[in-house]
Every structure is written in C-alpha cells, then in structure tokens.
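Trainee: Could we go through this structure together? I would like to learn how the descriptions are reached.

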Amino acid sequence: MTLLAEAVGLLSAATAEKVEPAEARTRVEALRDRHPGAALRLLWQREEYDGSLHYDLLVREPATDAGVVSLSWCPDDALPWPLRGVQRGGEMLLVRVNGVELEVADAIGFLDVLWREAPLRDRLVDTCLVREVLDAGGEELDDAALQDAADAFRRARGLLTAEATREWMRRERLSDRQFEDLVVHQAQVARLRERVTAGRVDAELTADSHRYDQLRLVRVEHPDAAAAARLARLTEAPDLLAAAAADFAAGSGPAPALVTVTRADLGPELAEAVAGNGPVPLGDRFLVASVLGVRPATREAVSRRLFADWLAERRAEARIEWNWGPRG
C-alpha cells in the first residue's frame with residue numbers, strides 16, 4: 001500500500017473512532033516507521049461549535065520531493081463547512097471573576113506590558129516554534145521515560161506525595177490529562193534541547209566557560225540621581241542590599257531586586273553597573289548593581305543558552321501573526 005493510501009486510511013479511522021491527538025500522533029509515528037524518510041506532520045483542530053476534532057496530514061514523499069500533499073478526511077455526518085471555525089461567545093473570554101468577565105482583547109489593553117516586554121512575547125512565540133518541531137515527530141517517550149519525567153516535575157515543585165500533587169493540580173485547575181500533557185511536553189522539550197545542542201556543550205565550556213557563569217546580583221533602579229549615586233558608593237553587595245532595603249522601608253526608594261543572570265546575558269548597562277561604574281542612566285531611572293556571588297558554568301546552563309540561541313534564530317525567520325484584537 002502506498003504512503004498516501006495509508007495516510008488517508010489513518011485519517012478516516014482516527015475520525016471514525018474519535019481518537020484524541022495523543023493517539024493520532026502515535027498512529028502517525030507508526031506510519032512514519034513504515035515509510036522511512038517520509039516527512040509527516042499531523043495537524044488538528046477542535047471545533048468550538050460542537051467539540052469535534054478535525055485532522056489534517058501534511059505529507060512529503062521522499063521519492064517525489066516536489067512539494068507537500070495536504071490530506072484531510074470529512075465523513076458525511078461531520079460538522080458542515082460553513083460552521084467550521086465558528087466562535088462561541090465565550091471563546092474570547094480570558095477569565096471570569098465573581099461573574100465579571102474579561103476578554104482577551106481588553107486584557108491586552110489593560111496589561112500593556114505584553115506589548116512592551118519582548119521576553120514574554122518571545123516565550124509565546126517560542127512555545128509555538130517548539131510545538132512545530134515536536135509535531136513533526138522524533139521525540140516520543142516510552143513509559144519509563146514518562147514516569148521519570150513526572151517524578152522530576154513533581155520534585156522540582158516540592159510535590160513529594162500523591163496528596164500534595166493532587167492539591168497542586170486542584171489549585172492550578174488541571175485535569176489528569178492536562179497534567180500528563182504538561183509533563184510530556186516538558187520532557188519532550190528537554191529531549192529536543194539535548195538533540196539541538198548535542199556535541200556543542202563541551203566545546204562551548206572549553207572555549208569560554210566564564211561566559212556562562214551565573215551571577216547573583218543586587219539590582220536597584222532608583223528614580224533619584226543623588227540617591228542612586230549614594231548607593232553606588234557602596235562597593236559590597238550586602239551593604240547595597242541593606243541600604244536599598246532600608247530606603248524602601250522608609251518609603252524613600254524602590255525595593256532592591258535579587259536576580260540571577262549569566263555573564264553572556266548581562267547587557268551593556270548592567271555590565272557597566274556591575275563593574276562599579278554606576279549609577280548608569282536607564283531611561284528615567286538610574287541603575288546600581290553589585291555581585292553577591294558567582295556560580296561557575298554548568299553543562300545545564302550552557303545547554304539552555306545554546307537552545308535559547310537556536311530558538312532566537314528560528315524566531316527571526318518565523319512568520320508571526322498576533323491575534324489579540326485591537327489595543328485598548
């Protein structure tokens with residue numbers, strides 16, 4: 001049987017049996033195993049109108065690499081095409097508190113930080129880029145790997161008992177399936193990071209390990225130049241922290257922040273402040289910073305930085321369409 005014929009059979013069976021995306025992905029992996037070299041990508045959409053799932057499969061056969069075939073299957077009793085993509089009234093609802101509703105577009109208007117703070121936007125885009133790669137396959141986990149991932153997930157959050165885990169899930173309003181999806185995604189991302197950075201971590205550590213040292217900093221952004229200059233004369237980080245905390249308690253200055261960054265991520269202004277050249281002008285504020293401690297570079301830190309660089313390259317080439325509605 002040809003690849004395309006099997007793909008059509010897979011889509012029709014998945015639709016008829018109303019399988020969930022996880023099972024559909026497993027079937028696509030089996031199809032990929034039977035046709036080595038074929039590029040397969042499963043897409044799906046859960047219709048808001050009736051909750052039904054619609055699957056599509058993008059197929060590029062190795063023997064005919066002239067383009068991509070897009071396959072879909074629609075049974076006679078499926079949702080009519082005019083109703084595909086119809087939004088329910090609550091689809092744009094972000095949160096409801098005591099009966100008061102806040103829609104996505106309004107939230108974006110209120111939380112203007114989403115439009116100014118690039119790192120948050122980057123994280124949202126990165127999530128889509130990672131999903132794009134994972135949907136293409138290659139990061140499947142067996143039962144043992146999934147159990148290890150779940151145990152690591154719980155340990156990282158101090159969820160050392162089943163009761164603690166259940167309570168955390170209740171607070172986060174996660175179902176068993178959502179918890180499993182969260183663990184699987186985190187484990188798959190870790191596998192992807194290992195694949196992307198394979199063979200490069202040790203080379204980076206050998207070439208310039210200090211670039212990845214982690215610095216624990218005291219950081220203060222003061223609106224008053226004279227007060228910032230006074231703080232900058234305190235050369236020891238504990239003294240800076242104590243003085244800034246005292247100013248904050250007295251209502252005469254902002255709260256000091258404790259941050260952890262690598263040397264590679266300092267940025268010019270923060271690097272200048274850490275070097276003792278503060279206060280450094282930073283918009284309408286003055287930056288003062290000092291190093292509390294240094295943790296030597298680890299393989300984990302280097303791996304995460306290399307993965308972040310890989311994502312940044314993909315972001316630069318991505319076609320990004322924000323759909324947050326009109327601003328405030």
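Trainee: Which residues in helix 8 meet residues in helix 13?

Mentor: Before we start, keep in mind that this is a predicted model. From helix 8, Val-189, Leu-192, Arg-193, Val-196 and Thr-197 take part. They meet Glu-300, Ser-303, Arg-304, Leu-306, Phe-307 and Trp-310 in helix 13. By type, the residues of this contact divide into 6 nonpolar, 2 polar and 3 charged.

Trainee: Why is helix 8 called roughly perpendicular to helix 13?

Mentor: Let's take the angle. The axes of helix 8 (residues 176-197) and helix 13 (residues 299-317) come within 9 Å and cross at roughly 85 degrees. Angles of 65 to 115 degrees count as roughly perpendicular, so helix 8 is roughly perpendicular to helix 13.

Trainee: Now the sheet with the order 7-6-9-8. What makes strand 7 and strand 8 its edges?

Mentor: Count the partners. This open sheet has 4 strands with antiparallel pairing. Strand 7 (257-262) and strand 8 (280-282) each have a single partner strand, so one side of each is left without a neighbour in the sheet. On average, neighbouring strands of this sheet are turned by 45 degrees against each other, direction ignored.

Trainee: How do you know that strand 6 pairs with strand 7?

Mentor: Two strands pair if there are at least two bridges between them. Strand 6 (residues 214-222) and strand 7 have 6 bridges, in the antiparallel sense, so by that cut-off they pair. You can find Leu-215 opposite Val-261 in strand 7, and Leu-217 opposite Val-259.

Trainee: And what joins strand 6 to strand 9?

Mentor: Here 9 bridges do the joining, and the two strands run antiparallel. One of the bridge partners to look for is Ala-289 in strand 9, which goes with Arg-219.

Trainee: Which strands does helix 12 lie across?

Mentor: Helix 12 (residues 268-277) lies across strand 6, strand 8 and strand 9 (285-295). Its angle to strand 9 is about 75 degrees.

Trainee: Which residues touch the most other members of the largest nonpolar core?

Mentor: Among its 17 residues, those are Leu-31, Tyr-55, Leu-57 and Val-59. Helix 1 (3-17), helix 2 (21-34), strand 1 (39-46) and strand 2 (53-60) each supply at least two residues of the core. Helix 1 gives the largest share, 5 residues.

Trainee: What does Leu-57 touch?

Mentor: Leaving aside residues up to four places away in sequence, its contacts include Ala-7, Leu-11, Val-28, Leu-31 and Leu-42.

Methods. Residues numbered from 1 in each chain as written. Predicted model: local features only at pLDDT ≥ 70, side-chain atom pairs only at ≥ 80, totals over all residues. Heavy atoms only, no water. Axes fitted to C-alpha atoms, helices over the stretch in contact; angles between N-to-C directions. Contact = heavy atoms within 4.5 Å. Parallel < 35°, antiparallel > 145°, perpendicular 65-115°, else oblique. Nonpolar A, V, L, I, M, F, W, Y, C, P; charged D, E, K, R; others polar. Core = buried A, V, L, I, M, F, W, Y, C linked by side-chain atoms within 4.5 Å. Buried < 20%, exposed > 50% of the residue type's maximum accessible area, 1.4 Å probe, protein only.
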